[in-house]
Structures are given as C-alpha cells and as structure tokens.
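Grab a viewer and work through these exercises one at a time. Each has a task and then a solution in steps.

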Amino acid sequence: MGSAILQPVRTVDEMIRSRTPGWTLDREFYTGTSVFDADLDRVFRRSWLCAGHTSRIRDAGDYFLFEIAGDSIIIIRGRDQRIHALSNTCRHRGSRVCSAPAGNSKRLVCPYHQWVYDTDGSLLKARLMPDEFDVSEFGLRPVASRVVGSLIFVCLAGDPPEFEEFSRRVGAQLEPQRLEKARICHSRSYEVRANWKLVLENSRECYHCGVGHPQYCRAVGFAAGIDSPRIAELDAVTTRDRIAFLAQHGIETEPVLFRDETWFHCRRFFLRDGFSSETLDGSPAAPQLAVLPGEQLGVLAVVTFPNLLLEACADYAMLMRYSPVSPRATRVDVDWLVSQDAIDGTDLDAGRVEAFWRTTAEQDWTLCEENQLGIDSLAYQSGPYSPDERGVEQFVRWYLNQLSVTLENRESAANQ
Amino acid sequence: MGSAILQPVRTVDEMIRSRTPGWTLDREFYTGTSVFDADLDRVFRRSWLCAGHTSRIRDAGDYFLFEIAGDSIIIIRGRDQRIHALSNTCRHRGSRVCSAPAGNSKRLVCPYHQWVYDTDGSLLKARLMPDEFDVSEFGLRPVASRVVGSLIFVCLAGDPPEFEEFSRRVGAQLEPQRLEKARICHSRSYEVRANWKLVLENSRECYHCGVGHPQYCRAVGFAAGIDSPRIAELDAVTTRDRIAFLAQHGIETEPVLFRDETWFHCRRFFLRDGFSSETLDGSPAAPQLAVLPGEQLGVLAVVTFPNLLLEACADYAMLMRYSPVSPRATRVDVDWLVSQDAIDGTDLDAGRVEAFWRTTAEQDWTLCEENQLGIDSLAYQSGPYSPDERGVEQFVRWYLNQLSVTLENRESAANQ
Amino acid sequence: MGSAILQPVRTVDEMIRSRTPGWTLDREFYTGTSVFDADLDRVFRRSWLCAGHTSRIRDAGDYFLFEIAGDSIIIIRGRDQRIHALSNTCRHRGSRVCSAPAGNSKRLVCPYHQWVYDTDGSLLKARLMPDEFDVSEFGLRPVASRVVGSLIFVCLAGDPPEFEEFSRRVGAQLEPQRLEKARICHSRSYEVRANWKLVLENSRECYHCGVGHPQYCRAVGFAAGIDSPRIAELDAVTTRDRIAFLAQHGIETEPVLFRDETWFHCRRFFLRDGFSSETLDGSPAAPQLAVLPGEQLGVLAVVTFPNLLLEACADYAMLMRYSPVSPRATRVDVDWLVSQDAIDGTDLDAGRVEAFWRTTAEQDWTLCEENQLGIDSLAYQSGPYSPDERGVEQFVRWYLNQLSVTLENRESAANQ
C-alpha cells in the first residue's frame, strides 16, 4: 500500500502467473485499462457470444445491430432466409451502414455515398467509381455465426472455438423448451457500474442468495438449500424423482458441466413445492411454451462464457447477455421470451413475466456495484472463496486460461 | 482483427509511412489520442488559423477569446487601433486574465492579484512586487496575427508558415465581397461527435451531395452536376459566360488551387438559374453587400487548412471554423455575416440568412457522426476514394505532409 | 511551445529537480496524471489527514466514511468507546462493508455474503467457510488514527510521520477553543475545478485578499494591512496588547511555524475594532464556546499539510478539508462547529455562522478555477512569487520535499 508508483508496473501476464488458485483476482483485473483491453481482445473478440433470439429477425431483410467489444454487427435475415452477420462499416469511407438499432431492409445502402450491399453483404453497386473498380472485393466483412435452440451466436475471430459439442449437447437439452416457438414480450437494459467479471462471478454462485435473493430462494430449491440442510435434502429427493420422470418421457437431463477446455454449462433444476415457474407467486405468467408443465420440467439453465445466462421455465425464458463497457461498467441486456401465440391481457401477464427476474437482477446489480466500490479501494486484497463459490473459481480459471492460451500462442510464434 | 494487443503499437510516423495514396487513412488517425495530440501539436499549433471577423472588435479595447488547441488567446483592438493577439495567462501565477468570452477593456487586469496589462500585452503595474522586479520582462505572450479581407488569422508557432501569397491572391478575390462592411447577424456553435479530419474531409467533396444535400444541389450547379451530366454541362456554360462578364468588370476569378506546399484554396462558382444567393428559395435574404448582385457574382469559396471554410454570396457570407475537442469530437463555430447597415425585419431576414447553411451543415454533422461510428468499429479498413473525392485526397496529403515535415526536422536535428 | 511531443517526456523527478525556488511550479504539476498519481501516492497516502470532528461519532457504533486518495475508511466509535479507523473493504470478495456515508452499527456486516466484523475490525463470523478457515487472519485492515483537540487524524501509511510535536504544541493552543464541547451545525461540500495544490496555495497567501475578499479584510487586521501600512501598524499594536493580556491568563500564543521538516502551522491572530468574530457584521453568531470572548481571544488558525485549514473563533470554528479528485478537481468539505448546547433560533443563528466563510470560500473557488484555466493553457510559464506569497513558497517546498524524500528512499533501496 502507498507505494504503487514505486513498484514496477506488472504486465497482464505477470498478474496471471501470480494468482493464487481459490482466491479472488487482483485489483487490476477489475480496474485496469490494460486488463480491460485484453479482456476485449483475448476474451470477447475470440469467444462465441450470444447475440439474441431468432424471433427478432423472422422475415427476409429483418435485422438488428449487435454492439460488442468495439464492433457493430448487423444480424440480418437474408433474402435467402439464412441469417448473416456482417460488420456494420462501409468498405468505402467507413461510415456505419445501418444506424437504426433494428429494422427491415431488402438492400443495405450506406447513407454517406449510397454504396449498395445485398443482405449477404456483397457489394451490388458503387456509383461513379471507375471501371477498374471490382465490387466483388468490397463486400461487408462477414462475421462467423451459428444458431442453436433459436439462439444466435457470433464470433469475431477468424478461427472461432469449437462449436459442435455445444450445439449437439446443449441443443438437445434446449429442445423441450421449444424456444423456436417464442417471441420477446419484454426487454430491459442496464448499465451496471461494475467490471463485467464481477457481474459474471455474481451469477456463478448462490452463496449470496439467502439474504440477497429472498424471492429466488422461495422458488428455487438448490438456492434455499445452501443455508438449510433440510431444504437441501428435500431438493435432492425432488430432483431424483423428477429426473426419473423426465427420463421416462425421453427428456435428456444429464448436466453438461464446464470442463477446463469448454465454455458452456447446461443444467436442469427443479422448483419448490407450490412453484411451477420462476414467478413471485409460483403460478405461470404465460401459456405453456415447453413440452411439459413447470412442476415437472423445472428450469433449464444455460451459461456460456463470457456473455450468456439463460433460465428457461415452462412458460417463459429469461435471456441475459453481458457486454463490457469500461473497466468499471457493464451493459446487461435482458429479454423475456414467451409463446409467440400468447396475448397480453388474455393468457399472458407481461408484468408478472418480468417481475421475478427484474427483482433478482436488480438485487444483483446493487451487490456488484458495492463489490466494485470495495475493490476500487487500494486497501483491497485477494480473499479466499468459500466451498459454495466453486462456480466462480471455475469461471476465473476459464478466464485466465483464455488469456494464457493467447500468451502461449504468442510465445510459440516468437520461437519460430 | 482480434489481435490488436499482440501487434506492436505503431508510432504516428509508421502510420504515416504505411499509408496507401488514394485510400482512406487508418483507424488510429480518427480514434487515437497520440494522433490527436500530434494533430494539435504539429498541425493546429503550427498553422494559420482563422479566429473570426474584425467586426467583433471595432473599438479600442474590444476583445474576444479564441480558444484553440489548448490555448486561450485574447484577440483585442488596442488603444493604438491595431489588433493584438495575446496569451490569456497571467505571467505571475498563471490565472486567466479575461474570463468573459468577449468584452471591452481599456486595461487588462488579472482578477487574482490585479497585475495590470496594456492592450498590447505589456505589463503596466504589479502591486507590491520588489524594486528589482522588471515589468518589461513580464508582458502577456504575443501570438502572431494577420488580417486579410477582414478575417483575422493567428498562428501559435514562433515561426509561422509563409502568409504573403495567401494575403495577396486570396485577398484580391475577397475584395469584391466587401466583408469589411459586414457585421455578424447570427452565430451558432456545434459539437460534432466526429474527429476533426472527418469533418474537414466531408467539406472537401461533393460525392455525397446528391442524396445528402438536396437544398445545396438545388442552388449550386457544380454540386448537382456530379450526378447529372446535363446539369454539369449547363454549369460549364454558365461558368464560362459569367467569368467572361466578371473579367470585363475587372474582377479576378482565376482559382487559387491547393498546391502541395500551400494551405489555401479560393474558387468562385456560380448559382443555378433562379438563384441569386445560397438561400432555400434562391432570392437574397439580406441587402447586397458585394459589388455586384449574386446572379452575376456567384459565390466565393475560401478554404484554409486546417480550420476555415468561407462561402461568400453577394448578400451574406457563411464563416465556418473547426476546432478539435477530442479524438472523437470537433467544435464548429459558424457566423453569418451581412451588411453592417442591414436592419432585421426591414431589409434583412435573419432566419432566411441562416436557414440554407444551417440545413446543409446539420445534414453534414449526421453524416460525419455516422462516419465516426463506423470507423470506431475494429472491422473498419481503409477504402478507395472515388474520382469525385480528389479534394479529400488533397487534404489528406497536406495533413500528412505537416506531420512529415516535422519528422524531417526532427531527424535533421538528431543528425547534428 | 508547439513542440511538446518532440521533447522527451519528463519524469516527476526531473520536474522536481528543474524547479526555480521562489517561482511557481511547472504546468505538469497542475495538469498531469502522473503527477496527480504521485500526489496521491507520495503525499496523501503518507501524510496525517484530518478526517473530521469527534462529535460525528459520540456513541458506540457511530461511524462515518472518510473517502480519500482512492480509499474508503470507516471511522467508528468502538464498543470499547475508542475510535477505530478501518478499511471499508471486505476481506472475502472485496465488497464495501458500509455503503451509507454515516450511521450506527454494533456489528459491521458485509452486504454481499454477510461476513460479520466487530467495531474494532476483527472478523467475528464467516458463514459456511471450511473448518480450517482462521477468522483471526481476516479482520478489516486497520488505519493509523489519532485525536488532537477533538480533531480526528488518520494516516494510510504503515509508518506514519512523527505526530507527537503536533499533538503537544498545537494541542495546547487548541485547548482554549474547547472544540470538544462543539457540534457541527452546518456542512457544505464543493467540487472546485482546480488542482488541489492551487486550492492550498490560494489558502497560504493574502496577497489576493484586498480585492478578492472585502468581507475578510473588514474583519481581519493582518489581511487588510497588506495593502495599508496604517492598518498594518494598528494590527501590530493590537496584537502586542492582546498577546500580553492572554499571557496573563496563561494562554499560550507563541506561533507554531512551519519548519522544513514539519507539516503543521498554528497561529493566533486578532480581529479589527468592532469585530468579536469572523462574521459579516462583527458580532458573534453563536454562544461563546471558547474560554474568553472573541475581542480578547481572536482567532486560532491551524493548517496541516496537505488537507486541513481550521479557523477557530470564540463562538464558532470553520473546519475545511481538501481531497484531490482529479488533476483538475478538488473536493472541499467544510464544517461549521458551534457549542453543543447552542439552540438554533434562540442563541444561535446558523445562517450567520455560515455566511462569512461561505462568502470567502466561494470567492476563492472562482479565483482557483480561473487560475487552473490559465495554467491549462500551453502558454503558461512559471512566474515569480511576491514577498507576500512566502506561505505559498513554504507549501511548495514542503510538497516537493515529500516527493524527494520518497525518491531518496527509493535510491537508497536501489543501492542495497
């Protein structure tokens, strides 16, 4: 303390190497701009990121902008009905091609000098350019994209990480939720004044749930069980019974756990007695979307590092995405998905659909912001995780591994 | 893409050397703080800058502040009736001497400890200083200044660029506009969220005018002619006829074109049929200021790098100055000049004077801001200029030359 | 000028060495982020800082947060009645423990995972941690603290500067003011848009008082005497008489002057005829708190570098603390202390208590902000102090010495 300036500045690599497993990361990881830049470059620009739900672009020409890690990406349903992800930067002078956050365009026309692109990004026309100008060389840059369970994923890297196992295993578990029959009934965006890793760490443990999330604990057995061996035991029994029941109905429930080389996690958990959905009163807030009612099917949670948390009930799904804004700020976008046939005021209560996760999320933002403020203090020092924070350690290990893999690549390259 | 951190950081000099002629500049030129600092230091602090019109300081003691490139300069009409440009920083403790943006002072008194300066900057009195203190050594620092066609220019450098050719050639063409008989009838300031070079580049081409500026194209032949060979031909005929007519009246119309070693440009162009001024309906909005009516005299455009665009009609002149605020923001100050004898509501319609250029300028700010947003994206890459963007290439070459000249000077110095 | 980028960047150490004694500091000291970081690290994190008055925490569990130099410190009255200063950062995940700026807590409970600390900082309970977890190793980090004349001082360094002489000598002079019988009747916080050193320099000279502070000069003889030898002479006579009188009453009045190795200053001065307090009309605004009336006792001024100015009259005391926010911004917190038995509307006029120093302070903020704006200009150059600015030179010497001491320590360490 008090001598930060006299100590030599540590590189991101040295910070990674000096980390104690099972303890929180050093202060710089949550406050420094060089770590933040590395997070964008080595994590967000190399990982598969969930961009949103396919219902936003049902018809040819429908598009929305996905803004992440310093890039703006046009996610568009092409005239060929396929989904294309394109850099939103004209190949002429670099203007944004689309400025509205969403819309429908049969052609993408740059507002500056009216270069015209097709919905697959190819350049159709550049007025008044010389004869030797070759339009085929000036299409909008394509971005890798995939769809699983009606969730759109993109990756900014030229060599994206392996996607097939995620697609197959998590795709299978998403099937009974029938999200392809869903539409977004409500969206909400937050700017949380905390580093994105604090937001993600918060989502990976329920050690804080007992006092922090009374509503969540009323609904979710495993959360309430952390502070009550009795409830934990009841939850274990319920889980065993429901899994057996679902197996009879051919529904896959084997958890897909994080491994050191993977970036995804999928787990079905079950609700407490009296709860058939993650709602404040336990009753559904929308018509059944999934193949079975919530009392039987429980909730499917999907996490993909670094930007997605999905909790899908039988009647609705909550889709949360994280986006780093600065070392101390994170944008969080939340969509609530319900059956596309649901009619508000009739079989749908949009206010009740939103209330449970709005309450839970906003409780978390306060905790995350207090966490950031405490870490901002130079007095902060690394502390030990409890056994109930295994998930945080798992995330931190994945995160550091992303940085290290890049370092190793660099070192190999340097040795050639 | 995606590996910015692993690539060594490029210096401004390397960025200059790696540029492809005829293509847009690299991303860092529009987003980086080191380039921005170099722009202030090597471009704005070494060039002649238009500070405004002499009508702002008609009487002895009249002054206004010109804030540019990190400096505040007092532009004051001295008791000797001459115009003085003085650094607005007390030589005692460094306080600002003048805080109002404009005013009248027969003496400049520092508000902190009341040191008193004359209107030419010399220190007249420093109370309670010891006997050996020599007031003659503590005048306000003078800044180089010149006046051409009633436009005030200043240069922060100790060795300003050559001014004489500009003064002589552009001064001659400004004469028939009679701006020395003008006053400012309206002013407007904008903060455009774009790098100053994007704002300037925008002003140097009309490839975007067809769709971007319908009002401008209705009035100005050469602009409309870009998308219409028929109108271009009509404009060529008009131009030939008017130039011949003006020659008979002894009015110099030979364009003063940019050369690689100059920083100024001056060109007279002509309005389309039915237009005698740059107004929305084509009719004058103020009494005639110039020596001839607008149908005959057309419009005189003066551009000086890096901060001035003037378009002078027969009835009014539009004076626009650029000032870099940050890598992604530029302040633009616009004055509308009319005859000093014009009376609003009688022979002057201030709203109509302003409307044409307000419309055109605000259309440009939107285009510039979209351009910046697209270049902010890491997906941006350099693109080719069209033949109609010659003026942009000219500016970019001048700009890079300013940086390179400084580099060469440094290299010579290092070799001694 | 104009070639900042071509000159090699100077280190803080080089800037210190190149300083001319008796002249103002270079521009970078008031604008640069590396100097600002050094100011926090080498000055604010190593010095004794006044945190406030003990009346804020009379009862066990009373606390307030003192935010300084990137740290949040809980100043709390323990269950043991002693005052404890504790880092406001949980030893588990680093959350802030207290978020309210002040309150009462018998136990400090982290809002994130409910770790429980005692009022002396020791960890009492960490739920669900494994058996081998040793609570005794995870108390809140203690911060050094002392109380003198009911003023609380803290120091973030592990090896705080010598405190004993200050405590003894200044403590003795504070005694007749009886601040331990005081309460805060009003507080006000400002964010002054000026470097903290400009604010402090402003407070260390009265060369600006004549024009800058007419109200202060009406009340205070030495201030008015700067511009008037006649008033200065009157003040000398008054001072001699009152000191003799106070000596008879056993009141110590020998000034405690800054020496090169000390950081504190204490001086009693006297009011002009008709003034018994620092009020706009000269009459007291609160019941007598000190041992003698203001006509006799005058005003005790205490300055401690880098954050305190106290002026204590017989009826009230003004307690001002500085806190650097950024290179160009300083937070100033002002408390007005009166007798704890005073009742507003009866024997206390809170508005009149506040008016004199509110007026004087706000006059100063304008001067400081103009000073910053002038120094922001690249045209700023160092200027000479007048003989009436000795106190500023004293502060600047102390300030540079703090930086140099640290440099020397580093050099010794490097040689071992």
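**Exercise 1. Start with the salt bridge of B:Glu164 and B:Arg168: where do the two residues lie?**

Step 1. The side chains of B:Glu164 and B:Arg168 form a salt bridge, with N to O at 3.4 Å. That term stands for a side-chain nitrogen of Lys or Arg within 4 Å of a carboxyl oxygen of Asp or Glu.

Before going on, some housekeeping. This is a predicted model, where local features need pLDDT of at least 70 and side-chain atom pairs count only at pLDDT 80 or more, while totals for chains, interfaces and linings use all residues. Residues are numbered from 1 along each chain as its sequence is written, chains are lettered from A and ligands numbered from 1 in the order in which they are written, and side-chain values use heavy atoms, with hydrogens and water left out.

Step 2. Both residues sit in helix H4 (residues 164-174) of chain B, four residues apart, which is about one turn of the helix. Helices here are DSSP runs of H or I with at least four residues, strands are runs of E with at least two, and both are numbered from the N terminus.

Step 3. An α-helix has 3.6 residues a turn, so residues three or four places apart point the same way.

Step 4. Now check accessibility: B:Glu164 is partly exposed at 47%, and B:Arg168 is partly exposed at 47% as well. The cut-offs on relative accessible area are under 20% for buried and over 50% for exposed, with partly exposed in between (1.4 Å probe, protein chains only).

**Exercise 2. Look at the salt bridge of C:Arg352 and C:Asp281: how many residues apart are they?**

Step 1. Find the pair: the N to O distance in this salt bridge is 2.8 Å.

Step 2. C:Arg352 belongs to helix H11 (residues 350-376) of chain C, and C:Asp281 to the loop between strand S12 (264-269) and helix H10 (294-297); they are 71 residues apart, so the bridge links distant parts of the chain.

Step 3. C:Arg352 has a relative accessible area of 26%, which makes it partly exposed.

Step 4. For a salt-bridge network, hop over to chain A: shared partners join A:Glu165, A:Arg169, A:Arg259 and A:Glu261 into one. Over all chains, the whole structure has 64 salt bridges.

**Exercise 3. Is helix H5 of chain A enclosed or open?**

Step 1. List the buried residues of H5(A): A:Trp196, A:Lys197, A:Leu198, A:Val199, A:Leu200, A:Glu201 and A:Asn202.

Step 2. That is seven of the eight residues of H5 (residues 196-203), so the helix is largely enclosed by the rest of the structure.

Step 3. Check the start of the helix, where a side-chain oxygen of A:Asn195 comes within 2.9 Å of the backbone nitrogen of A:Lys197.

**Exercise 4. Which strands are joined by bridges to S16(B)?**

Step 1. Take S16 (residues 329-339) of chain B: ten of its eleven residues are buried.

Step 2. S11 (residues 182-192) of chain B runs antiparallel to S16(B), with ten bridges joining them. Two strands count as paired if DSSP finds at least two bridges between them. Here B:Ala182 has B:Ser339 as its bridge partner.

Step 3. S15 (residues 316-326) of chain B is also antiparallel to S16(B), again through ten bridges. B:Tyr316 stands opposite B:Val338, and a hairpin of two residues joins S15(B) to S16(B).

**Exercise 5. How are chain A and chain C related, and what joins them?**

Step 1. Superpose the chains: a rotation of 120° with 0.0 Å of shift along its axis puts chain A on chain C, at an RMSD of 0.0 Å. The two copies are thus related as by a three-fold rotation axis.

Step 2. The interface has four salt bridges. In one salt bridge, C:Arg93 meets A:Glu389 at 2.5 Å, N to O.

Step 3. On the side of chain A that touches chain C, H11(A) supplies the largest share, seven residues.

Step 4. Finish with A:Asp227 and C:Arg127, a salt bridge at 2.9 Å, N to O. A:Asp227 lies in the loop between H8 (221-225) and H9 (229-248) of chain A and C:Arg127 in the loop between S8 (123-125) and S9 (144-148) of chain C, so the pair joins two chains. C:Arg127 is buried at 13%, whereas A:Asp227 is partly exposed at 40%.

Technical notes
Polar contact = N/O pair within 3.5 Å; in protein donor to acceptor, adjacent residues only side chain to side chain. Least-squares fit on C-alpha atoms with pLDDT ≥ 70 in both.
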